[in-house]
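Please open the structure in your viewer and follow the stops below in order.

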Amino acid sequence: MSGRRRFLQWLVALLFFPARSIAKEAAAKGSWYGFGVAVDRCIGCGRCMDACKAENDVPREPFFVRTWVERYVVRKDGTTTVKTIAPGEEAVPDPAPDKSILRSFFVPKLCNQCVHPPCVQVCPVGATFRTEDGVVLVNPKTCIGCRYCIQACPYGARYLHPATRTADKCTFCYHRIGRDLLPACVEVCPTQARIFGDLNTTASPMSRFLRMNRIHVLKPALNTEPKVYYAGLDGEVR
Amino acid sequence: MNQELLRQLGEALHQVQGFIYPNEIEIHWGMLIVVYPYLTGVVAGAFILASLVKVFNVKEVQPIYRLSLLTALSYLLVAPLALVSHLGHPERFYEILLTPQPSSAMAMFGFVYAWYLMAVLLLEIWFVHRTDMIAMAEERKGLMRGVYRALSLFSRDTSGRGMEFDRSALKAITVVGIPSAFLLHGYVGFIFGSVKANPWWSSVLIPIVFLFSAIVSGIALVLLLYMVIAPLTGGKIDMMCVDRAVRFLFYAVIVDFSLEMVDFIHRVYQSEEEIKILSELVVNKLFMSLVIIQVLLGMLLPLCLIAVTMIFRRRFSLNEDLRKMLYFVSLILIQFGIFATRWNVVIGGQMFSKSFRGLTAYKLEFRGIEGLLYALVLLVLPIVILAGLLKLLPPWKEMHGES
Ligand code: SF4
Ligand code: SF4
């Protein structure tokens, strides 16, 4: 009996091996980075987008972005319109006088640094990989530019860099966080709508953010387990 | 920076409907990736047609046996070209073979491909032509003699036992070959079907749909080539062969069509989150290529034409020339239909936003690596290679039924 059970366990383990092998869970020790977004605090000023483009050599044109801000307008008749804030767009007209509007808000977006990243799974050459501290990076020296990862990311977080012809996306400013600096977008955000930190440190602002808020992630049904956590997320947001 | 790209994206930006994520304006898999599954589909289909003769002993199809094999080879040689040219860094292509990531469906491409080329197709072609090559080396002089010697790998054995061995080797290869052909195209379908981020692609049926459309395109193309080449080379079209092959084609189209309908009904019946944007996609962007070309002209019309010839051939012994014409038209329609299938899967799957809130646009350029011109070159190149192969390993005797 126990022999059969062990065999069954072994069989099940074998079947799910591919899923398990990619799903390395949070590092027990060391850092495990996460990102918080307080939706209610975002005023749609777009400074984060500017800072990100300047910091990370992202082309100025609007077709290539590592992080962006969406503006939602939900009307009384149930329709919702969404737009991306153009980078550098300072003043967004105040929609308050419009009586047909039920609510309106901004949602910052970026790579979710998924725990089960489909982009890592599909990369044929291993150019997209996840670091020990849970950040998904692209190695531009080995990326062949096949763009499979761009197709596989459910969040539209990736683009092909027109100069290097390799895949690119948010890295949590990996070059900064290693030196104990905050990601550029977090640093410039005037309202602290963006929060960053180590999830393994109980006292970090990030951990506090997770404790103090009701948290939601994007597209949870896809089992990507995003590490960008939203507080006050509206059901309209996908 | 790439001014041309910026201009294109700027144009596309104006055609966006609704909301899309900002990185979604660029359509990343363009015309080359449409051509790629089309080419591999022909390979798998042509090979399966050839297997009908060897494994299932369908004698009538013998005249197109060698033609099918050589067609499969010429298309297989061009297929990776489409894939490599579309890479941002084509010069790093070998990385897929040297440092493959086992979890990636695409990384397996190199291995499936190499297996199919080396272990199946080349071997089968070699065994089929071995004695012929030895004979040709005897006939020819000078350089060509050397070429045939080398091609036959300097084997000289034309004894009965040697030929007996060829026959059993061929049987074994074909038996391995059929699942391999299924694998080759099934895996191309899997590349799309496994992208869970994209509801247009993400379906377990996709690899099977790809497989059957591959069989359809392969049989149709080889028949088309046969009907053109046989008269050109002084032979006669063997109508027994064509009738039989068209019958197989007919069933394959029915299975293909039913599978696509099942997939479609399943989506509509489940009616998940994405159904709204997908129906908008079909109505707004793909109406012409999906409803008109793929389904009506590429499937239903040829099905009707073939059905008509099948019924009336028995009843009123339909005139042979008329039958030929109807077949010919159906085969061409089917080719367009299958190409449209590839287009609708690849391009269609990138025209809606993963936010399910909008549609983007795709404009096919004429020039450039993703342009129409280069795609046409890739579509014609296999035919050129085939012409060369037919010169080198002529199948005329078999094709004209003289052996
Ligand atoms: S959000 Fe997209 S790019 Fe980022 S880790 Fe997840 S799948 Fe990869
Ligand atoms: S584009 Fe680069 S990073 Fe993305 S899957 Fe291809 S090789 Fe990997």
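Which residues lie nearest the centre of the largest pocket? Select B:Q62, B:R66, B:V128, B:D132 and B:E398, which lie nearest its centre among the 33 residues of the lining. A pocket is an open set of points on a 1 Å grid over the protein atoms alone, where a 1.4 Å probe fits, with protein on both sides within 12 Å along at least five of seven lines; lining residues have an atom within 4 Å of a point.

The model is predicted: local features need pLDDT of at least 70 and side-chain atom pairs pLDDT 80 or more, while totals for chains, interfaces and linings use all residues. Residues are numbered from 1 along each chain as its sequence is written, chains are lettered from A in the order in which they are written, and side-chain values use heavy atoms, without hydrogens and water.

Next, colour α5 (109–139) of chain B, which gives the most to this lining, with eight residues. Helices are DSSP runs (H or I, at least four residues), numbered from the N terminus.

Move to A:Y148, in helix α5 (residues 148–152) of chain A. A:Y148 is buried at 1% relative accessibility, where buried means under 20% relative accessible area (1.4 Å probe, protein chains only).

Finally, select the cysteines. The whole structure has zero disulfides, a disulfide being a pair of cysteine sulfur atoms within 2.5 Å. For A:C42, the nearest cysteine sulfur, that of A:C48, is 6.5 Å away.

Conventions:
Helix = DSSP H or I, 4+ residues; strand = E, 2+ residues; numbered from the N terminus. Buried < 20%, exposed > 50% of the residue type's maximum accessible area, 1.4 Å probe, protein only.
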